[in-house]
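Please look over the sequence and the model shown below.

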Amino acid sequence: MFLVISSTESMARDGNNFLLPEHDLLGISYSIADIQQTIKANDPSYAGGFSIGSSSLDQDLQIWQWDGLDWSLEMVVARLGWLALALAIVLASAIPFDRFDSAKADRQRTQPAWLKRVLRRLGINLDTAVSDAVQSSASKAAIHLTPITKRTQSFRLGRMVLAETQMMLKGLPWWWYGVALILILVGLFTPPSDQPSLLLPLSWLWPVLLWSQMGIREAQYRTNKLLFSAPNPLLRQLPALWLSGVLLALIMASGIMVRLLIAGDWMQIGALFIGALFVPTLALALGVISGTSRLFEIIYLLLWYLAIDGEVAVDFMFQLPEAFTLGIPLRFLIITMGLMITAVSVRWLRMNHQ
């Protein structure tokens, strides 16, 4: 997505504002650069500006014929270079990918052939020995189930939120935390600006795969019956899960929020807090409804792209000044409340029909 944006909006240019298409991923600038050269050949005063869809029709226009792009060997080689890079990335990703091969795990649990030969010569069958030991232990140990005579009603929300956060972050590589820390520190030390920045969008894009697991983990691992049989799962587990997602959003935006706190921009802090409520609530509601992570990932990335593209109606990060004048934060607060009610209602229906 970032490569597409950089290709279309930040194309490389020379000192005279003419496009340099060699580093263009999509190849769009090849045609534009050739059109620029055609105009330059007809009008030496042409300064390299280019626009599609906006022109001053009240002026006298000059029209030139452009006969299309003449492909050269250098251009073909440049495009094949991008194709070679794509193939290299796919081949490199295929090396560690085992498609969740269960046979690989079985092979890892199996004793090596040389060890089996040594044990066989010693007259030892390890599989038989282990089986006999297990049966002997089972026959000696009496099985007792302790009845529950006292039910505790105590509930510690903090521990539940911590547990949900740990499950959300479980298995992440060290470099994920490194990137998150860099985003937080950059937000802390970047001076405030009136112009929209990509810092907050990047901070709230990085954990998208963690948020997308909200509301679907019990269905994914088939623990929904176990979870729903716990005491008050609707009033205990669901709020804890939601708060863990909100906590993650606040942590990722903590650097920016501290900077705003120092600047005394309470309106922006409040709007940012609303955004931190909206994103995990959207993930939770769509996860509970669909039972899959794909719905949230698609809708959220679409909203995210429209927000950074300047669509004020979906600016859930509230970086555009018009968002406050149009009351967009209040709208998203109402939407967040509706999404939460939807998530609770759908979860209640699922619990009572399983």
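In which helix is the place of Ser 244? Ser 244 lies in helix α13, where helices are DSSP runs of H or I with at least four residues, strands are runs of E with at least two, and both are numbered from the N terminus. This is a predicted model, in which local features need pLDDT of at least 70 and side-chain atom pairs count only at pLDDT 80 or more, while totals for chains, interfaces and linings use all residues. Residues are numbered from 1 along each chain as its sequence is written, and side-chain values use heavy atoms, with hydrogens and water left out.

Ser 244 has a relative accessible area of 1% and is therefore buried; buried means under 20% relative accessible area, exposed over 50%, and partly exposed in between, with a 1.4 Å probe and protein chains only. Neighbours within four places in sequence aside, Ser 244 is in contact with Val 161, Glu 164, Thr 165 and Met 168, contact meaning heavy atoms within 4.5 Å.

The protein as a whole has 18 helices and zero strands. Of its 354 residues, 30% count as buried. Among contacts between residues at least 6 apart in sequence, 66% join residues at least 24 apart. The accessible surface comes to about 23,500 Å², and 64% of it belongs to carbon and sulfur atoms; these areas come from the Shrake-Rupley method with a 1.4 Å probe, and for residues only the protein chains shown count as cover.

In soluble globular proteins, nonpolar side chains tend to be buried together. The largest nonpolar core here has 55 residues, and those with the most contacts inside it are Trp 204, Trp 211, Phe 296, Tyr 300 and Phe 316. Such a core is a set of buried Ala, Val, Leu, Ile, Met, Phe, Trp, Tyr and Cys residues joined through side-chain atoms within 4.5 Å. Helices that each supply at least two residues of this core include α8 (174–189), α13 (237–252), α14 (254–263) and α16 (294–308). The most comes from α15, with 14 residues. Leaving aside neighbours within four places in sequence, Trp 211 touches residues including Trp 204, Leu 248, Val 279, Phe 296 and Tyr 300.

How are the helices packed? Two packed helices are described by the angle between their axes and the distance between the axes. The axes of α14 and α15 come within 8 Å and cross at roughly 155°; axes are lines fitted to C-alpha atoms, for helices over the stretch in contact, and angles run from 0 to 180 degrees between N-to-C directions. The two helices are therefore roughly antiparallel, since angles under 35 degrees count as roughly parallel, over 145 as roughly antiparallel, 65 to 115 as roughly perpendicular and the rest as oblique. On the α14 side the contact is made by Ile 256, Met 257, Leu 260 and Leu 261, and on the α15 side by Trp 266, Gln 268, Ile 269 and Leu 272.

The buried residues of α14 are Gly 255, Ile 256, Met 257, Arg 259 and Leu 260, and their cover includes α8, α9, α13 and α15. After α14 comes Gly 264, with a positive phi near 75°.

The axes of α8 and α13 come within 9 Å and cross at roughly 55°, which makes α8 oblique to α13. Here Trp 176, Ala 180, Leu 183 and Ile 184 of α8 meet Leu 248, Ile 251 and Met 252 of α13.
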